[in-house]
Structures are given as structure tokens and as C-alpha cells.
Amino acid sequence: MVKERITLKKSAFLMLLLGTALLTACGSNHENLGNSGNGKGNSDNGITADEELVITASNYSFDQQEYHLKKGVPVKIIFKNESGNHGILAPGLELHLDGKKSSQVIVPEEAGTFEISCSIMCGSGHSGMQANFIVD
């Protein structure tokens, strides 16, 4: 009986801890300092970009449903977080940006449509937070 109470208390504590962590992640509104000129949060892979594309995220959506890129043209993708705590994940283009790494230069090597999703569990609308890169 005592052992069952201790196990129940541990389970309740772990659930409370997990819930707190989830709420903290969803409710954060971090300033994106990656583009302030100090180099923090930027990544350019040593490639010089010919173009720039800014993607802005807010609660449960990106600012566009489609972003167009040119095949073979280096582009600097810049991520801005307007509200909530979000990230960008586009596995087909090897792109992952968030509050710690806010920009990256990529060179799309093949034409097609590449899915973008939010990389940080941001709440009830997280699963619908998607867009596409269209490489022409």
C-alpha cells in the first residue's frame, strides 16, 4: 500500500513536470536575435547567397502556404518568430531553423515540392502548421 502511494506520487509529479515544460514551450515569445549583426544564430555554410527569403511564424501558421525557390540558386532562409515558440523543419532540403539558429543558406538541387512543418511542439494547432517550398 505504501509502495503504491509512492509510485502514484512519482507519476503525478512527472505529469506535472511534463505539463509545465509543455506550457512553457508553447507560451514563449522569444525575440529572434539571430539577425542583429552579431552573428549569433546565423549559419551560412560558407556559401554566398544570391537571394534571401524571410519566413515568419506565428501561432499555428507560417506567413505563406508556399515559398518559391529557384533550382541551383543559393538562398538565405531567415526565420522570424512573431508569436509563440516555433521552428522550421524541411527535411527534403536539410533545413532546420529555430530561435537558436535563425538562418541558413541552402542550394536547392532538384525541382519539386518540399514540405515545411513546425519543429517545436507549440500547442493544439501544431499538427496543422505546415507549408511548402516549391523549387522551380
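This is a predicted model: local features need pLDDT of at least 70, side-chain atom pairs count only at pLDDT 80 or more; totals for chains, interfaces and linings use all residues.
**Overall fold**

In sequence order the pattern is α-β-β-β-β-β-β-β-β-β. Of the 136 residues, 34% are buried. The accessible surface is about 8,400 Å². Carbon and sulfur atoms account for 55% of that surface. Take the contacts between residues at least 6 apart in sequence: 68% of them join residues at least 24 apart.

**Nonpolar core**

The largest nonpolar core has 23 residues. Within this core, F62, L69, I77 and F133 touch the most other members. Seven strands are listed below; each gives two or more residues to the core.

| Strand | Residues |
|---|---|
| strand 1 | 51-58 |
| strand 3 | 66-69 |
| strand 4 | 75-81 |
| strand 5 | 88-90 |
| strand 6 | 95-97 |
| strand 8 | 112-117 |
| strand 9 | 130-135 |

**I77**

Leaving out residues up to four places away in sequence, I77 touches L53, I55, L69, L95, L97, S102, S103, Q104, I106 and F133. L69 and F133 are also among the core residues that touch the most other members.

**A49**

A49 sits in the loop between helix 1 (2-27) and strand 1. Its relative accessible area is 29%. Buried means under 20% and exposed over 50%, so A49 counts as partly exposed. With residues up to four places away in sequence set aside, A49 touches P74, V75, K76 and V105. A49 and I77 are 28 residues apart in sequence. Their C-alpha atoms are 9.3 Å apart in space.

Terms used
Residues are numbered from 1 along each chain as its sequence is written. Side-chain values use heavy atoms; hydrogens and water are left out. Helices (H or I, at least four residues) and strands (E, at least two) are DSSP runs, numbered from the N terminus. Buried means under 20% relative accessible area, exposed over 50%, partly exposed in between (1.4 Å probe, protein chains only). Contact means heavy atoms within 4.5 Å. Accessible areas come from the Shrake-Rupley method with a 1.4 Å probe; for residues, only the protein chains shown count as cover. A nonpolar core is a set of buried Ala, Val, Leu, Ile, Met, Phe, Trp, Tyr and Cys residues joined through side-chain atoms within 4.5 Å.
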